Amino acid sequence: MGGIRIQNLQVAIGDAEILRGLDLEITSGEWLNIVGPNGAGKTTLLRTILGALDYQGSIVLDGAPEHPSPRLARSIAYVPQVPVIPPGMLVTDYVLLGRTPHRGAFAADSPIDLAVTAEVLERLDLGLFMKREVRSLSGGERQRVVMARALAQETPILLLDEPTTALDLGHQQDMLQLIDELRHERGLTVVATLHDLTLAARFGDRLALIDTGRLVQVGTAREVLTIATIKTHFHADVRIIDDEGGPVVVPV
Amino acid sequence: MTAADEPEILTVSRLSGRQVTIGIAVLFAAVTAGLTVGPVDIAPHRVVLELLNGLPGIEIDSGLSEIHQGIVEKIRLPRVVLGVLVGATLSLSGAAYQGAFRNPLADPYLLGIAAGAGLGATIAITSDLGDGAGVFDPVPLAAFAGALVGVVASYMAGHIGGRSTASLVLAGVAVASFLTACQTYVLQANSDAFREVYAWILGRIATSGWSEPALMLPYFLVTVVVVLRYRRALDVLAVGDEEAAALGINPRRIRAIVVVAASLGAAAAVSVSGLIGFVGIIVPHTIRLAFGNSNRIVLPLSVLFGGAFMVMADLAARTLVEPAELPIGVVTAFLGAPFFVLVLRTSRREVW
């Protein structure tokens, strides 16, 4: 459960070719960070795995042979970069939306749905916020609520599009720490896009660098984040400090 | 923490018995008022007894004379029932449109229904098709047909332009402008019909016996059954199409079904009562402000409060300037708008 094999993936949006023959293998239980310059196709890759875009090539999920399918929502949960927060919606109701793939669009919430929602709220320390409107929460709290909805889906795979964008440094660390704990507790496969190369190096198992719709390199942070690669693909001049937690990328 | 002992702690937005009770009580009060007030004074408690007497299996002597019974049952009751059906349908359709388009300003006339119905009615009135009564009255038939043409044209035009809700709404605007232009043209050529067309547009809840309520009832039922079935799906749709799809529902199909059902009801309402504005916006939003935003709450309560609101508006329309009647569209906006502003200002909830 949770492994993803992508072969020769091609995606075009309108006339623009975004992904041009991308191969990537993600093993079950792994945390893979996708890095690359703006416009490289990171978000498109996530949305294609999610089943939101038409593609050529193949995506195979362990235990879910057909892709995309309407039942994909039981295999993949998605946290978008900018989630739509409906006005007036309470935290509990929002997290409960994550149960939709299990109960269908029409059925009432089962005791299991309520129990899973309560458990997730508890786990993410959202007990105090249950009756608050999601819109009234701070950026960090809101991100935890969105994460809670994704966890309530109880999927083996979690796709995160820039999960730390709107957060300050402390909350960025908290969020990534939380993701790390959760994926170990629940055996999740995590695929995340991250802009911050140092954070991407510090959290997760491997990095995949993509550029102009192709995979450039996949491996450990030390293998992928070199001065030369960063110069070539990000057009940035950096120094790399080898810290014990992983390489630190410093602009010069 | 185990699965079994936790659910009680979790409060989920759902329709409560208290809310339904309030809704039914308000509707009952409005219906009683609608049956009681009029040129002939009839005591409210006798009307209530008479209503109970009408229920199957209950025999109560209301003490009303035969003439008063006739006034209540044959004249006032059909009109009140039509008011309930029209108000409930317009409110529910409005709430459904707002949910389906994720837009607080959406109302059931959004997709060319009003303009289409207006054109249909104008053609029927100006071309002097004769005065068939009830089911064969050409004006409501033409208005209904025009409303459906408006919706179908908007939907088709919207799909050509793309599939987003914005393109559908824009297509609706274009279709409405076109149909309104047609209506204006027809009306210019028949300026003697201006008064009659204008009166039709302003709307009225008028009945000749039970034929109008009977016409309205099937559409009301279809709209209620379909839209209420989709109340949870509309809550999922609130997070936008892409996230809703990622939660395993099909946003386009759900939107299409809800909009078609809501439009059918709105078209029928327009055909029997003209263009009664503002109801589809004011009632759902007042419910959101008072009871919460979930469609599980807003949609069912829109049926109850929408019906009550229309009966009260009609009551005002036929009593404020007795013996004349005000057009009901004037009343819904004239009383509705200030009331809504009051609710808006006093509520602490942010609903949109």
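Entry 1: I began with E154(A), which is partly exposed because 16 other C-beta atoms lie within 10 Å. For burial I used this scale: 20 or more other C-beta atoms within 10 Å of a residue's own make it buried, 12 or fewer make it exposed, and anything in between is partly exposed, with C-beta atoms placed from the backbone. E154(A) sits in the loop between α5 (139-152) and β6 (157-161) of chain A. Its phi is near 50°, a positive value in a residue other than glycine. I noted that down because most residues other than glycine have a negative phi.

**Entry 2: ground rules.** This is a predicted model, in which local features need pLDDT of at least 70 and side-chain atom pairs count only at pLDDT 80 or more, while totals for chains, interfaces and linings use all residues. Residues are numbered from 1 along each chain as its sequence is written, and chains are lettered from A and ligands numbered from 1 in the order in which they are written. Helices (H or I, at least four residues) and strands (E, at least two) are DSSP runs, numbered from the N terminus.

**Entry 3: chain A as a whole.** I found nine helices and eleven strands in chain A. Its radius of gyration is 18 Å, close to the 18 Å that the globule rule gives for 252 residues, so chain A is as compact as a globular protein of that length. The radius is taken over C-alpha atoms, and the rule is 2.2 Å times the number of residues to the power 0.38. Along the principal axes, the C-alpha atoms of chain A fill a box of roughly 55 × 40 × 30 Å. Buried residues account for 45% of the 252 residues. I then turned to contacts, where two residues count if their C-beta atoms, placed from the backbone, lie within 7 Å. Among contacts in chain A between residues at least 6 apart in sequence, 65% join residues at least 24 apart.

Entry 4: Is Q143(A) buried or exposed? Q143(A) counts as buried, because it has 23 C-beta neighbours inside 10 Å. I located Q143(A) in helix α5 of chain A. Not counting residues up to four places away in sequence, Q143(A) touches P163(A), A166(A), L167(A) and M175(A). Q81(A) is 62 residues from Q143(A) along the chain, and their C-alpha atoms are separated by 9.9 Å.

R5(A) belongs to strand β1 (residues 4-13) of chain A. With 14 C-beta neighbours inside 10 Å, R5(A) counts as partly exposed. Leaving aside neighbours within four places in sequence, R5(A) is in contact with E25(A) and V60(A). From R5(A) to E25(A) I read 20 residues in sequence and 4.6 Å in space, C-alpha to C-alpha.

**Entry 5: where the chains meet.** How many residues of chain A are in contact with chain B? I noted 32 residues of chain A against 30 residues of chain B. On the chain A side, the elements that give two or more residues are α2 (91-96), α3 (100-103) and α4 (111-123). α4(A) gives the most, with eight residues. By class, this side has 23 nonpolar, four polar and five charged residues. Here Ala, Val, Leu, Ile, Met, Phe, Trp, Tyr, Cys and Pro count as nonpolar, Asp, Glu, Lys and Arg as charged, and the others, Gly among them, as polar.

**Entry 6: a helix pair in chain B.** I looked at helix α4 (residues 113-126) and helix α6 (residues 165-189) of chain B, which pack at an angle of about 20° with their axes 8 Å apart. Axes are lines fitted to C-alpha atoms, for helices over the stretch in contact, and angles run from 0 to 180 degrees between N-to-C directions. α4(B) and α6(B) are therefore roughly parallel to each other (angles under 35 degrees; over 145 is roughly antiparallel, 65 to 115 roughly perpendicular and the rest oblique). The residues of their contact divide into nine nonpolar, six polar and no charged.

**Entry 7: loops of chain B.** F278(B) lies in the loop between α11 (251-273) and α12 (279-291). F278(B) has a positive phi of about 80° although it is not a glycine. F278(B) is buried, with 21 other C-beta atoms within 10 Å. Last, I found a cis peptide bond joining E322(B) and P323(B), with omega about 0°. P323(B) is in the loop between α13 (295-319) and α14 (328-346) of chain B.
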